Amino acid sequence: MFLEDFKNRVLPTKNKLYRFAFRIVGDTDEAEDIVQEVFLKVWNNRSEMHLYRNMEAWCMRLTKNLSLDKVKSKSFKTSREKQEVDLPLNGYSPHQQTEWNDVLQKIDVFINELPEKQKHIIQLRDVEGYSYKEIADILELDLNQIKVNLFRARKTIKDKLQKTESYGL
Amino acid sequence: MDFKRIRYLLEKFWEGETSLAEEKELKRFFNRKYVPEEFREYQAYFIFLNESKKITLSNEEKLETKIEGITDVSKKLKVYRRKRTIFNYTKVAATFLILLVATIIYQTEIKVKKTPQVVREDTYKDPEVALAEAKKALLLVSAQLNSGSKYVVEISHLSAADKYFKNTKQEKK
């Protein structure tokens, strides 16, 4: 019974968890480890599975907490550079791919430069398309804070996009 | 395509006022091959969002085998944990044993040291007899002490001879 529930409700979240973890830790291996750890935690607490109506939000919250723990841990080298995000860009010609890739890498940097909360909110709302309520659940914040931070984050990104455009970068 | 609507949605988007459905509409619009010049500025962001959502775990097989391991081996994990607690009990037991042995050794050592106590008891009942015996003992000791004194007298003759030689030396000079 638990196994069925686990397979149907928990495992399909793996890529979302992975992307969220990667956004925070900026390392593919670390992000993979975090996804594993989340699944292990959920499985070990499987007797409580029925208490969580929104399993996905619970998994995302675990991912956030584990990722932040990892980033703050002493063994995590803060000096190391964040890995570049590897965007598939399928359906684009090789020339377009290289052209787009440069701009998209810059946007990735813009997002990573945002304050922690704003960064998480952009990932959850703009990339994953979660509702405000779900984001509030995951980040343990109230709806107002989500809206304010989303507005600020989008404003920063918009300004930076305009700057890159006008400097022809 | 109604660009007026896109313009309106885009403005709403940057204000943080769009609904999820409206955001989906924008994403769809910007991921077309052709986007009019006036919207190009922000096209990259929406392409970024679409592409970002396509990122998947690079090593899914590894995760799957791990998951199988987690769900199957969960029993083993419990056994392992129990072993750990048993190990902890043995630690505690060993510490107690060491402490017990240490206290036993400590106490017996002290007892051994305490036994050779000096027993003070009178050996004589009559003080007169005791005095006489004490005098006798002391006299014996003093007699033994004096036995060497006659040799000391002989040594004093040597110093007399020494004086004599010293005087004769001075006279010769």
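Colleague: Which residues line the second largest cavity?
Modeller: This is a predicted model, and in it the second largest cavity has a volume of about 30 Å³. By class, its lining has one nonpolar, three polar and two charged residues. The residues that line the second largest cavity are F22(A), R23(A), G26(A), Q83(A), D108(A) and N112(A).

Colleague: Which elements give two or more residues to the lining of the second largest cavity?
Modeller: Among the residues of this lining are F22(A), R23(A) and D108(A). R23(A) belongs to helix α2 of chain A, residues 14-25, while D108(A) belongs to helix α5 of chain A. The elements that give two or more residues to the lining of the second largest cavity are α2 and α5 of chain A.

Colleague: How many residues apart are D108(A) and R23(A)?
Modeller: The side chains of D108(A) and R23(A) meet in a salt bridge, with 2.9 Å from N to O, and the count of such bridges over all chains comes to 21. This pair links distant parts of the chain, since D108(A) lies in helix α5 and R23(A) in helix α2, and along chain A they are 85 residues apart.

Colleague: Which element gives the most to the lining of the largest cavity?
Modeller: The largest cavity has a volume of about 70 Å³, and its lining, by class, has three nonpolar, two polar and three charged residues. Chain A supplies R19(A), F22(A), R23(A), V85(A), D108(A) and Q123(A) to this lining, and chain B supplies S52(B) and I55(B). With three residues, the element that gives the most to the lining of the largest cavity is α2(A).

Colleague: From which element does the largest share of the lining of the largest pocket come?
Modeller: The largest pocket has a volume of about 530 Å³ and is lined by 22 residues, of which E99(A), W100(A), V103(A), R40(B) and Q43(B) lie nearest its centre. Two or more residues of the lining come from each of α5 (94-113) and α8 (143-167) of chain A, and from α3 of chain B. The lining residues divide into eleven nonpolar, four polar and seven charged. The largest share, seven residues, comes from α5(A).

Colleague: How much area do chain B and chain A bury between them?
Modeller: The contact takes 39 residues from chain B and 46 residues from chain A. Of the area buried between the two chains, 62% is on carbon and sulfur atoms, and the area comes to about 4000 Å².

Colleague: Which element gives the most to the side of chain B that touches chain A?
Modeller: Between chain B and chain A the count is three salt bridges, and one salt bridge joins the side chains of E23(B) and R125(A), at 3.0 Å from N to O. The rule also finds 13 residue pairs in polar contact across this interface. At least two residues of the side of chain B that touches chain A come from each of α1 (3-14), α2 (20-30), α3 (37-52) and α4 (60-114) of chain B. With eleven residues, the element that gives the most to this side is α4(B).

Colleague: How many residues of the side of chain B that touches chain A are charged?
Modeller: The contact takes 39 residues from chain B, and E23(B), whose side chain meets that of R125(A) in a salt bridge, is a charged residue. By class, the residues of this side divide into 15 nonpolar and eleven polar, while the number that are charged is 13.

Definitions and conventions: Residues are numbered from 1 along each chain as its sequence is written. Chains are lettered from A and ligands numbered from 1 in the order in which they are written. This is a predicted model: local features need pLDDT of at least 70, side-chain atom pairs count only at pLDDT 80 or more; totals for chains, interfaces and linings use all residues. Side-chain values use heavy atoms; hydrogens and water are left out. Contact means heavy atoms within 4.5 Å. Buried area is the accessible area (1.4 Å probe) that two parts lose on being put together, summed over both. A salt bridge is a side-chain nitrogen of Lys or Arg within 4 Å of a carboxyl oxygen of Asp or Glu. A polar contact is a pair of N or O atoms within 3.5 Å; within protein, one must be able to donate a hydrogen and the other to accept it, and residues adjacent in sequence count only if both atoms are side-chain atoms. Helices (H or I, at least four residues) and strands (E, at least two) are DSSP runs, numbered from the N terminus. On a 1 Å grid over the protein atoms alone, a cavity is a set of points where a 1.4 Å probe fits but cannot get out, and a pocket is an open set with protein on both sides within 12 Å along at least five of seven lines; lining residues have an atom within 4 Å of a point. Grid points are joined across faces, edges and corners, and a volume is the space filled by probe spheres set on the points.
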